[in-house]
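Please look over the model below before reading my points.

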Amino acid sequence: MQTLSIYNTLSRNKELFKPLKAPHVGMYVCGPTVYSDVHLGNCRTFISFDIIYRYLTHVGYKVRYVRNITDAGHLESDADTGEDKVSKKAKLQQLEPMEIVQKYTVDFHNVLQQFNCLPPSIEPTATGHIIEQQEMAKTIIENGWAYEVDGTIYFDVEKFAKQNNYTALTGRKIDELFENTRDLDGQDEKRGRLDFALWIKAKPEHLMQWPSKWGQGFPGWHIECSAMSTKYLGEQFDIHGGGMDLAPTHHTNEIAQNIAYCGKQPCNYWMHTNMLTVSGQKMSKSLGNSFLPHELFSGNHPLLQKGYSPMAVRFFMLQTHYRSTLDFSNEALQAAEKGFERLVEAYKTLQQLIAQNSSPENIAELEKQCYNAMNDDFNTSVLIAHLFDAARIINSANDKKTTLTTTDIELLKKIFNHFFFDVLGLKIETEKNRSSEALTKVMDYVLEMRKKAKEEKNFALSDNIRDSLINAGIQIKDGKEGTNWKI
RNA sequence: GGUCCUGUGGCCGAGUGGCUAGGCUGAGCUCUGCAAAAGCUCCUACAGCGGUUCGAAUCCGCUCGGGACCUCCA
C-alpha cells in the first residue's frame, strides 16, 4: 500500500492517511441540491473527488463512496429563512417538486457521465431518509443539545460551543461569530443567534412536508448529511469532502450534530475543494460570467470562443491542484486542449513503438514519481507533468533519438493505463466515423497515391492531396516509417 | 467591517530554505522536396518594501492586489 498524505482542513496540514479499518475506506461527499442545472463549480468538486475515489481504489482500498442528493430542506438562505429551493422552482414551473428533483438529478448524472466520473457506491436522497433525520433530531434533543419551539427544532449552538470546539473546521473565533450575526428582528424564535434548525414546522401551503412527533414539517438542510453518513458509513468514517464554501456553515453544523448525536467526530479527514473563477472573477450569475456545462461543450456562450470537449475540460481541471482556485479562460482551455491531445497522440505512438535491446531511460523511476505525485495530497498537476515527460520519451524513441526496451515499453503502457485512464479518468474520445474501417481503407489508398506522386516528384499533386485532406479535417504527418494521419 | 486563504515568466499552473516543474504561445535549429508532426535550444519568473539566515519565490512583519465565508447592500 502506498504512503499517502492528505491535507486535512481540521489541522490545516498534510497528514498521513490512516483508514479506521483498512483496507476499507468510508468517504462521504456533499452532493448537489437538485433545483437547477448543475453548476460547473459543482462539477469541479465532483471531478476532484472522482480522482480521489479512483486513486484510493487503484492503490488497493475498498472504498465506499457516498454522495447524497439534496432534494428537500435546502432553503434559499442558510439562516433557516426563505423558501425551500426545490419547492420554489416547482411553484414557478407549476410542477410537482419531485418532477423538479427528477429532472435535475437526471441532468446531473448526464453531465458527470460526460465528464467520465464514476458513480458513487451509494447515492442517498434527503427525502428517502426523513425517518432517519427525525430520529437523529430526537436523540439530539434527548441529549440536551436541541430544543423545540412550536414545531420547529433548533440546535443550541451557544450551549454546544461552551463544551465543544464548534469552529474547529474554520478556526474562527466563536465570540466574533456571535457578534457578527445580526438579530432576525421579531420573527426570531431561536434562543441563540447562531442556532440552526434540525426540523422545520411546515406552513400548510408548503409543498414538501412530512408528519413527525412535532407536527407537519420538513428537515433542516444540515441534518440530512449527518443522518445519511451515519447510516451508511457509521458514526465514524475516514474522509468527508465538499466545496470550500460548505466548511463554515454546513460542515461546521454537521460536525456539531454528529457530536451532539453520539459524542464522536464524524470523520478524521475533512477535504475541501477550491472555487472556480472566470478570467479572474468568481463565477456568478449576477456578474453574467457563468456558463453551464453544455454551453462549455458546445461553445454556445458569448464568453466562449469555441466548444471544448468534456475530456479536454476534465484535463484542464486536473492541471490545477484541487485546493487552488481554478480560472477559466479561452486561452487556458485551448492550451489544455492541445496538451491533452499531445498525451493522447503519445499514447497512440506508444502502441506501435519498436523495442530495442538497451535503453538509457529510467522508466521505473518515472513510475515511482507518478505515485509520489498522487501520494502527495493527490497532486494531479505534478502527475500530469510526469506524463508529459513520458510523452517526450515516447516521441523521442519514435524519432529514433532514444531507445526503449520491451520492458520499458510495457511499463510505459502500464503507466498510461494506470494513471492516464484509471486514476485521472481520462479517455480517448472516439469521434463518430473516426476510425471506421472504410475510411481507413480509403486513407490507405489516398496515401499510397500521394506516395507515388512524391516518388515521381509530382509535388503539385502530393501537396494538393494533403491540402484537400486538411480541408476534410484530416491531418497527415510524414515520418520515417511512412505517413500517419489523424482527424 | 470581521475571519480565513492567496499573489509565480507573454498566458495557464506545480513547487522545496541552496539543485530544470510541466503545458500553451513566440523565436531559432534538426529532420523534410515543402509543410505538418516530433526532438533540441532560447525568451528563466516568483506583487512591493523591510527583517531572519551563510543563503529565501519558499520563514516573519508591513503595504498593495485577488478570492471564500459571515455582515451589509441589492
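The numbered points below go from basis to sheet, then to helices and single residues.

1. Basis. This is a predicted model, in which local features need pLDDT of at least 70 and side-chain atom pairs count only at pLDDT 80 or more, while totals for chains, interfaces and linings use all residues. Residues are numbered from 1 along each chain as its sequence is written, chains are lettered from A and ligands numbered from 1 in the order in which they are written, and side-chain values use heavy atoms, leaving out hydrogens and water.

2. Sheet order. An open sheet is formed by 4 strands, ordered E4-E3-E9-E10, with parallel pairing. The edges are held by E4 (62-67) and E10 (267-273); each has a single partner strand, so one side of each lacks a neighbour in the sheet. On average, neighbouring strands are turned by 20° against each other, direction ignored. Strands (E, at least two residues) and helices (H or I, at least four) are DSSP runs, numbered from the N terminus. Two strands pair if DSSP finds at least two bridges between them.

3. Strand pairs. E3 (residues 24-29) pairs with E4 in the parallel sense over 6 bridges. In this pair, Val25 is opposite Val63 of E4. E3 also pairs with E9, again in the parallel sense, over 3 bridges. Here Met27 stands opposite Ile239 in E9. E9 and E10 run parallel and are joined by 6 bridges. Phe237 faces Cys267 of E10, standing opposite it.

4. Strand E9. How many of the residues of E9 are buried? The count is 7 of 7, so to be clear on the term: buried means under 20% relative accessible area, exposed over 50%, and partly exposed in between (1.4 Å probe, protein chains only).

5. Crossover. E9, helix H8 (residues 247-262) and E10 make up a right-handed β-α-β unit. Right-handed means that, with the strands pointing away from the viewer, the path from the first strand over the helix to the second runs clockwise.

6. Helix H7. H7 (residues 223-233) lies across E3, E4 and E9 (237-243), and runs at about 160° to E3. Axes are lines fitted to C-alpha atoms, for helices over the stretch in contact; angles run from 0 to 180 degrees between N-to-C directions.

7. Helix H13. H13 (residues 380-398) has 19 residues and reaches 27 Å from first to last C-alpha, close to the 27 Å expected at 1.5 Å a residue. The expected span is 1.5 Å times one less than the number of residues. Its buried residues include Leu383, Ile384, Leu387 and Phe388. The buried residues of H13 pack against H1 (40-58), H10 (310-318), H11 (330-350), H12 (363-375) and H14 (406-423). Lys400 follows H13, with a positive phi near 65°.

8. Met271. Met271 sits in E10. At 0% relative accessibility, Met271 counts as buried. Leaving aside neighbours within four places in sequence, its contacts (heavy atoms within 4.5 Å) include Phe49, Ile239, Tyr322 and Phe378. The C-alpha atoms of Met271 and Ala247 are separated by 9.4 Å, and the two are 24 residues apart along the chain.

9. Thr277. Thr277 lies in strand E11 (residues 276-278). Is Thr277 buried or exposed? Its relative accessibility is 13%, so Thr277 counts as buried. Its side chain makes a polar contact with the side chain of Asp327 at 2.7 Å. A polar contact is a pair of N or O atoms within 3.5 Å; within protein, one must be able to donate a hydrogen and the other to accept it, and residues adjacent in sequence count only if both atoms are side-chain atoms.
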